[in-house]
Amino acid sequence: MFARYRHAHQRSASRQRPIGIAAVLSLCVVATSQGWIGQAQEPVKPVKGGMGGIASAGTFAPVYDAEKRPITAGGIVDTGTVVFEDVTKGAGLASWNHVMGTPQKKFILETDGSGVGLIDYDNDGWLDIYLVNGSTYNALEGKEEPPHAALFHNNHDGTFTNVTEKAGVANDRWGFGVAIGDYDNDGWPDIFVANFGKNRLYHNNHDGTFTDVAEQAGVTLGNWSDGATWGDYDGDGRLDLFVSGYVHDDIHNQPSSEVGATNPAFCQMRGEPVECGPRGLQGEPDHLFHNDGNGKFTDVSKQAGVSDPEGYYGFTSIFVDVNNDGKVDLMVANDSERNFLYINKGDGTFDDQSLISGFAFNSDGREIASMGLGVGDYLNNGRVDVLVTDFSDDYKALYRNDGDASFTEAARDAGIAQIPVPFVGWGAGLFDYDNDGWKDAMMVNGHVYPQVDDHDWGTTYAQRPLLFHNNHKGKFDYVPPVKGSGLAVVTRGRGAAFGDLFNNGKIDVVINPVDGPPVLLKNVNPDHHHWVELKLVGGPRSPRDAVGATVYLTANGIRQREDVMSGGSYISSNDQRPHFGLGDATDAGTAEIHWPSGAKEIVKLRGVDRIFTIKEGQGITGALCGSSPCAPGAKSVPRNGQGDLK
């Protein structure tokens, strides 16, 4: 979690690592067309090597809007395009609350929040929502009922019903990350929950219920697991599990800057006491579990070369094919340490190419407080790029994939470096919100220190999300928040998941804030562009849910790429159906599917504005037109599309 600012809590000698040289950023005037007041930045003050806290570029002058509000909660415009609408209350989600520790956030365990998993748990063709919850110290000691996670069933009419009790997925532990995947290839998605304490592996019983099998599966671990991702790293057709470790936390001896603390520490932001970490704290190693195919997993972290023996502070992780060789590689966002990029060697081991690839640091050669990973091909050149969110007083990083597992950090070139500087970023998405065929960028934000609301520092505890539109030229344009719209919602954002919750071809966003109700942002962008989505089903030599598949869609004069992934954003799990915007084209084009088994399949998509089911080796086996199965020869969906299932 990046700049847990300039804490002076000295790390032990064994934990000291050099911190890159910070460069001076030149954010002088920001978005003046939106009425913001530009402020010259103070010189960057790099964090001293070996000190505790969070990696950050330095201290910047506050940015306010025309009404003298901090830009993190201001900058709202009266008119403009409304992209998202907050439909949380009407959807039936507002009655659930996330709880994590105390409102004062005295310790790091209370601040990082939890993830969101999008899952069609009952195989009815509609995405349901799983919201991970935190806990309290009293609950851990058995003094009060613990907060419950929540599974919300999609009712197909814009509303959701809480079915947690029936489903048996309340978790009732201090929860963080979630990853969705069908680990036993039975055709039903399962849920892994990363906890402080023992993890959960909820096996889907096919009847609307789940059973926690983490103990017999051997994936409970202990202490602080954070992000997780499923992927078939060894090509045996079964999903394996990677779990990132964050801090090794002793809840009875947490460092504190409060007077009279049992473990006193000197942790400050701009001279004010704040919670301590992560730097200066013992890290937790990462774990790779091989799926043995009998309901059990074997920890192969060390032999595979991904164990993180130095105990970096791992947040979000994701399996995805970075170098286009047909094997999933592994990316890990580390907080205030270098990021990891492990390239799959195809023999059960990985090569750590974090440094040589350019993914370890930002363009200034600095570690950043990496939190979220938004993965997608924003240039439509067939290579996956990565948006990385981090702490305030620093720009968020965009790693452009130059091929052969080589990245250039391109946030400045892409036009998204400056505006996010005051924001603390968590959830991250590269997705096509307006269905023009080009992936846009979104960041979900919220500060970690409640104390910022008590000072004139130009920032706020609750913050609004940021959206950038892809202008098709390698750059993004800022989308201002319209008053009363979803982009103007101010919340303590953490986990976020992106997906088509209403089966209308538009990507929506579910946010899980720390300490509060979730936020469902329905995509209501007024475009009339066409689209297609693919529900992939793997064959005998691929994972059944096709996690790890790559799809290239050639349509409307461009070639897009989508990957089926588990994990990502900020310790969350997105819609696993590849989604393609088609612009005004009425020809859905041709999909080239690279299955995890190594097989390649070419499928002509006959019809737009529909969700195709494609089984490996069998082509299209069904389609949804809106909310109903498409009849052979039927019109596509009401936006002038045409086509049939033939």
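Start on the inside: select Val375, Leu430, Glu562, Met565 and Asn574, which lie nearest the centre of the largest cavity among the 27 residues that line it. A cavity here is a set of points on a 1 Å grid over the protein atoms alone where a 1.4 Å probe fits but cannot get out, and lining residues have an atom within 4 Å of a point. This cavity has a volume of about 380 Å³, a volume being the space filled by probe spheres set on the points, with grid points joined across faces, edges and corners. The structure holds three cavities of 30 Å³ or more.

A word on what you are looking at: this is a predicted model, where local features need pLDDT of at least 70, side-chain atom pairs count only at pLDDT 80 or more, and totals for chains, interfaces and linings use all residues. Numbering runs from 1 along each chain as its sequence is written, and side-chain values use heavy atoms, leaving out hydrogens and water.

Now colour the strands β21 (373–376), β25 (425–431), β29 (495–499) and β34 (558–563), each of which supplies at least two residues of that cavity's lining. Strands (E, at least two residues) and helices (H or I, at least four) are DSSP runs, numbered from the N terminus. The lining has eleven nonpolar, nine polar and seven charged residues; Ala, Val, Leu, Ile, Met, Phe, Trp, Tyr, Cys and Pro count as nonpolar, Asp, Glu, Lys and Arg as charged, and the others, Gly among them, as polar.

Zoom in on β21. Which way do its residues point? Leu373 and Val375 go one way, Gly374 and Gly376 the other, and all are buried, meaning under 20% relative accessible area, with exposed being over 50% and partly exposed in between (1.4 Å probe, protein chains only). Leucine 373 stands opposite valine 388 in β22.

Next, select Leu201, Leu536 and Leu605, which touch the most other members of the 40-residue largest nonpolar core. Such a core is a set of buried Ala, Val, Leu, Ile, Met, Phe, Trp, Tyr and Cys residues joined through side-chain atoms within 4.5 Å. A second, separate core of 30 residues includes Leu109, Tyr137, Trp457 and Ile571.

Stay with leucine 201: beyond its neighbours within four places in sequence, its contacts include Tyr183, Phe192, Asp212 and Trp230, a contact being heavy atoms within 4.5 Å. Hop to aspartate 212, in strand β9 (residues 210–212). Aspartate 212 is partly exposed because its relative accessibility is 26%. Leaving out residues up to four places away in sequence, aspartate 212 touches Arg173, Arg200, Leu201 and Tyr202.

What about open spaces? Select Asp120, Asn123, Lys535, Leu536 and Val537, nearest the centre of the largest pocket, which is lined by 29 residues. A pocket is an open set of points with protein on both sides within 12 Å along at least five of seven lines. The largest pocket has a volume of about 590 Å³, and β32 gives the largest share of its lining, four residues.

Last stop: zoom out. The protein chain has seven helices and 40 strands, and 65% of its 646 residues count as buried.

Terms used: Two strands pair if DSSP finds at least two bridges between them.
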